[in-house]
Amino acid sequence: MDEALTFFLLTLASMARVATPLVLCAMGGLFAEKSGIVDIGLEGKMLMAAFFAAASAAVTGSAWAGVGAAILAAVALAVLHGLACITYRGNQVVSGVAINILAAGLTVVLGTAWFARGGQTPPLTGSQRLPSLFLPNAGDNILVYAALLSVPLTWWIVERTRFGLRLRAVGEMPFAVDAAGISVAWLRYRAMLICGLFAGLAGAYLSIGQNAGFSRDMTAGQGFIALAAIIFGKWRPLPTFGACLIFGLLDAMAIRLQGVRVPGLGEVPVQLILAMPYLLAVFLLAGFIGRAVAPKASGVPYVKEH
Amino acid sequence: MTVRRRTALGPLPAWAEIVVLPLVNIALAFVVVGVIVAIIGIDPFHALRLLVLGAIGSSESIGYTLYYATNFMFTGLAVAVAFHAGLFNIGGEGQAYIGGLGCGLAVLALGDVVPGWFLVPLAIAAAALFGAGWAAVPAWLQAWRGSHIVITTIMFNFIASALMVYLMVNVLIAPGSMTPASRAFAASGWIPSMHDVLRAAGIPIAASALNLSIVLALLCCFAVWVFLWHTPGGYALRTMGHSPEAAVYAGTNLKRTTMVAMCFSGALAGFVGVNELMGVHHRIVLDFPAGYGFAGIAVALMGRNHPLGVMLAALLFGALQQGGTELAFEIPSITREMVVVIQGLIILFSGALVHLPRPWLQYLFASRY
Amino acid sequence: MQALTPTAAAIELREIEKSFGTVHAVRGVSLRIEKGAITGIVGENGAGKSTLMSILYGLYRADAGEIRVDGRPVAMASSREALGHGIGMVHQHFMLVDTFTVLENLVLGAEGGPLLAGGLEAARAELARLAREYGLSVDPDARIADLSVGEQQRVEILKVLFRGARILILDEPSAVLTPQETDRLFGVLASLRERGVTVVLITHKLREIVAVTDHVCVMRRGRVVAERRTADTNVEELAELMVGRKVRLDLDKIPPRLGEVLLRAEHLSLVDGRGVRRLDDVGIELRAGEIVGIAGVSGNGQSELLQVLSGIRAPDGGRLTVCGRVIDADHPGDPAEMRDLGVAHVPEDRLRQGMVAAFEASETSILGYQGRAPFTSYYLLDGPAVVAHCADLMERYDVRPRLPTLGSSLFSGGNQQKLVLAREIARQPRVLLVGQPTRGVDIGAIEFIRRELVKARDAGCAVLVVSVELEEILSLSDRILVMFAGRIVGEVEPGETNEPALGLLMAGAAAA
């Protein structure tokens with residue numbers, strides 16, 4: 001009995017650990033997607049943020065400087081994405097791919113140049129990392145709670161504020177927003193800024209919260225899982241949060257189930273569990289399990305009619 | 001898009017559109033690279049010299065440059081073919097992976113059974129078939145179920161990766177081996193290296209990873225050119241890419257053409273497996289697509305989706321890859337990921353920000369004429 | 001022109017001019033719109049009505065002229081400014097967010113504070129007031145997507161009133177409505193007038209003008225050609241004013257030599273994705289050697305008719321017999337098969353359907369025929385043969401410049417159309433379907449294109465022409481069918497009718 005309880009608690013704890021960056025990243029992505037901007041570049045933003053968080057924490061000795069640097073880095077990439085997609089009406093997918101590749105390269109290039117550790121930052125200790133808040137050594141740093149808080153906050157902003165109403169409108173029907181005399185571009189830029197903020201927090205959590213330093217490609221596709229979670233959550237905050245938890249749980253189980261024989265099923269391949277978020281997203285998008293409808297103006301640059 | 005924006009400045013002359021604008025875009029990318037290199041504390045021109053020397057300074061480095069270019073040609077063509085159909089295939093990574101599985105399985109299964117002249121074409125066909133198959137699912141989902149091909153192909157990259165790890169760790173791993181790699185291919189399933197072929201012909205070159213797959217890549221460039229511009233099928237595909245309404249009017253089945261385009265695209269990406277596994281590793285290994293699928297987007301964008309352009313862009317990218325490796329060796333504070341940065345910047349400037357320098361050029365041309 | 005008694009003008013337009021490139025859309029229009037009255041603006045497609053109203057609403061800027069609102073000159077630079085002056089517009093295409101509730105759409109852009117709750121409640125109260133006052137009841141919590149088109153339009157009107165507009169412009173409001181919904185709309189407009197709201201109604205339906213307006217203003221070719229009190233005029237006069245008496249291009253046609261029936265449509269029907277019936281019991285017989293013209297205001301089913309006849313869409317009901325092949329919902333044809341049967345099609349939307357702008361002219365010259373000899377042999381496109389074919393077409397149909405390798409988009413509209421027409425006629429089809437043969441085409445090419453159509457008819461081809469240009473229909477056709485609301489509402493001989501009479505049929509005034 002005890003063993004089962006321990007197993008349960010440990011799984012829960014690792015689920016929270018894995019889900020935190022997913023939740024933060026997904027909430028950020030939600031703002032972008034709601035405004036009609038497809039953000040394939042979540043992964044890159046998070047990676048860049050993770051690097052700058054660790055680098056700046058290592059140099060200044062302060063985890064808070066790390067969080068600040070992470071936000072700045074992710075916001076900079078978000079603005080770049082905005083520039084390409086909103087101002088220059090470029091292809092949003094191309095821009096996202098560019099940001100991902102750029103981040104994957106630049107983090108290693110800068111890391112090697114500055115720290116000469118093969119792309120890693122120096123191991124972080126003490127005040128360079130975010131401290132646990134309530135439970136000693138459980139890793140419940142402030143960003144875990146920020147992630148928890150980000151969900152009702154996102155829901156509230158999207159559903160209950162003027163900005164949220166306009167955000168939802170601009171993703172569905174930018175012409176209506178323009179006709180109402182509201183700037184489509186500025187709305188979308190604001191959505192990208194918020195997206196950058198959240199992606200920055202997610203990245204900071206990875207390198208100075210969950211781990212003690214940056215290592216190359218440390219996001220390992222979590223930006224895409226967050227994207228899958230948004231799709232799985234049908235572009236709504238609470239279901240997206242649920243999807244993040246499920247994906248976090250799958251990941252936690254994958255680690256714990258390694259080599260374990262499940263009665264009746266035999267050994268479940270770890271890779272199958274790890275691939276579940278992607279498989280579920282594909283199934284959902286194909287309409288096999290419910291229908292996920294993206295914001296209608298998603299991916300389309302706004303060109304004023306004349 | 002047929003919407004013509006009404007601006008005070010006129011459109012660019014055609015030659016500026018085709019030649020100057022892309023060059024300005026690339027130049028912008030390299031200026032940013034130069035800035036990054038300078039930030040690191042290296043003289044950008046010194047780095048450039050080392051890079052060029054590393055890429056084409058010796059027959060060995062030229063060999064490697066061409067070997068890398070082979071992969072870039074495959075993935076660049078893959079992206080370009082899909083682009084012409086109006087489809088964005090960012091699943092080249094996964095299609096290359098599964099394509100490699102295809103030729104690997106063929107060679108592993110028949111390596112000791114059939115002779116090389118039969119096995120090699122068969123394995124190449126298997127790579128094409130597997131790559132096409134992996135692209136066919138997202139294509140089918142887009143054509144019949146309405147899911148977006150960009151998202152599905154991304155997801156399929158990860159699914160391919162998970163599948164390959166599973167297969168390598170649990171099924172295909174060589175008995176007694178600690179590393180997840182299959183047993184070695186029988187020699188009949190190898191693509192001969194260029195070094196050996198040319199030596200047999202009496203031309204000595206330095207040994208490198210360059211193998212005859214580059215001939216396949218060049219054939220593919222030619223085949224894509226013939227298909228797109230000299231067959232009715234390619235004509236229909238391009239019509240669909242430019243204007244689905246016109247394609248419907250012309251009697252083209254959009255669903256079928258979507259399948260054809262993506263399968264063709266996936267097969268091309270699958271050939272990366274031929275170059276890597278049959279040409280170099282001679283076994284199935286993990287992670288051999290190593291970003292070539294994504295880089296294919298940059299190659300296609302830079303090559304303006306034309307096989308000749310793709311060929312030239314692939315050469316440049318191959319040179320960057322090889323030169324970058326040498327550069328990282330010479331200057332330890334620069335890693336070979338610098339190449340990845342350049343790829344990202346090229347995608348950014350010649351893809352997403354392609355319109356950025358247009359007003360500047362328009363202003364320039366307007367003041368001249 | 002009859003003088004109107006000077007009462008208070010809500011809006012005065014003086015000498016408004018607007019050109020788009022070489023198209024002179026509005027030519028020196030001066031117009032008074034009476035306060036608290038309903039003014040109708042009528043005219044054919046392209047008469048300049050919508051452009052004029054877009055200038056008034058700040059969507060376009062006039063090249064010259066003055067706008068006065070309540071006697072004061074104003075610069076109308078954006079729709080926001082227009083709203084500031086109390087002018088609101090209900091667009092033909094609704095500016096509504098489908099996934100939003102009525103209330104949310106209402107407050108978008110006028111939320112009344114950073115938080116929604118207060119603004120939504122205030123809007124709910126205001127909505128109730130508006131509903132009481134004007135008889136515009138809509139469920140505030142219904143989602144737009146679940147509302148009928150008529151209800152959606154009511155939301156659009158409410159949106160404008162909610163923003164305090166006292167002058168309401170409606171652009172073709174009945175285009176998307178059923179007759180019953182249209183009647184309800186008119187009831188609403190009347191009650192708006194009672195409350196002192198000024199209404200401008202843009203339409204081409206004369207029945208509506210007579211039914212609901214106080215004043216009417218007729219536009220033709222960018223000019224105001226008449227202003228009338230509605231009480232002093234009638235449908236016949238308006239129809240004549242609207243279409244004018246135009247000079248017919250004389251085509252020297254010989255009488256048709258009728259042959260066998262090559263295309264027969266029986267009881268064709270088509271329902272679109274939104275459940276609207278686009279084609280309703282359409283029957284057509286097309287014989288070899290005749291030109292049948294389909295007249296009608298655009299959007300009355302002509303486009304859908306062409307799509308069904310050319311195999312692009314399958315009919316939902318009825319059947320189509322083309323050169324012996326029977327096509328119905330269970331046995332759909334496709335455009336390639338129709339070409340095999342000898343049906344050629346010059347589509348209405350030349351730029352998006354009939355050609356590929358990014359292709360070379362030679363490539364455009366084989367669109368739809370790319371898989372056939374001599375363009376394809378042994379699975380390969382024969383480039384030189386394609387270029388030679390294009391050069392030949394250019395020579396025979398006088399396409400300029402004669403450059404087969406030039407980009408299709410670089411030719412003028414007339415030359416593009418000649419190329420498309422050449423491609424379709426050159427294969428000597430048995431049936432030729434032509435949509436808007438001379439839309440966006442210069443005068444010189446118009447005559448050429450019409451002569452070619454007559455030549456094809458004289459050679460024994462069965463020609464069907466769909467056009468919104470009445471003059472074109474009258475001069476080309478041997479028989480004229482009039483379409484209205486997806487139905488064929490009349491058949492006339494060109495010799496026995498004139499434009500006003502046709503205009504009446506097209507406006508649904510004498511729906512048989």
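Colleague: Helix 8 and helix 11 of chain B: is their crossing left-handed or right-handed?

Modeller: The crossing of helix 8 and helix 11 of chain B is left-handed. Left-handed means the near helix is turned anticlockwise from the far one by less than a right angle; clockwise is right-handed. This is a predicted model: local features need pLDDT of at least 70, side-chain atom pairs count only at pLDDT 80 or more, and totals for chains, interfaces and linings use all residues. Residues are numbered from 1 along each chain as its sequence is written, chains are lettered from A and ligands numbered from 1 in the order written, and side-chain values use heavy atoms, leaving out hydrogens and water.

Colleague: What angle do helix 8 and helix 11 of chain B pack at?

Modeller: About 170°, with the axes 10 Å apart. Axes are lines fitted to C-alpha atoms, for helices over the stretch in contact, and angles run from 0 to 180 degrees between N-to-C directions. Under 35 degrees counts as roughly parallel, over 145 as roughly antiparallel, 65 to 115 as roughly perpendicular, the rest as oblique. Helices (H or I, at least four residues) and strands (E, at least two) are DSSP runs, numbered from the N terminus.

Colleague: Which residues make the contact?

Modeller: From helix 8 of chain B, B:Ser213, B:Leu216, B:Cys220, B:Val224 and B:Phe227. Helix 11 of chain B brings several, including B:Phe264, B:Leu268 and B:Phe271. Contact means heavy atoms within 4.5 Å.

Colleague: Now chain A. How do helix 1 and helix 10 of chain A cross?

Modeller: At roughly 140°, with axes coming within 7 Å. That makes helix 1 of chain A oblique to helix 10 of chain A. Their crossing is right-handed.

Colleague: And the classes of residue in that contact?

Modeller: 17 nonpolar, 4 polar and 2 charged. Ala, Val, Leu, Ile, Met, Phe, Trp, Tyr, Cys and Pro count as nonpolar, Asp, Glu, Lys and Arg as charged, and the others, Gly among them, as polar.

Colleague: On to interfaces. How much do chain A and chain B bury?

Modeller: About 3800 Å² between them, 82% of it on carbon and sulfur atoms. That's the accessible area (1.4 Å probe) that two parts lose on being put together, summed over both. The contact takes 41 residues from chain A and 43 from chain B.

Colleague: How many salt bridges cross the interface of chain A and chain B?

Modeller: The rule finds 1. A salt bridge is a side-chain nitrogen of Lys or Arg within 4 Å of a carboxyl oxygen of Asp or Glu. The side chains of A:Arg216 and B:Glu337 meet in a salt bridge at 2.8 Å, N to O. A:Arg216 lies in the loop between helix 8 and helix 9 of chain A and B:Glu337 in the loop between helix 13 and helix 14 of chain B, so the pair joins two chains.

Colleague: What about chain C and chain A?

Modeller: They bury about 1700 Å², 64% of it on carbon and sulfur atoms. The salt bridge count between chain C and chain A is 3. C:Asp98 and A:Lys296 meet in a salt bridge at 3.4 Å, N to O.
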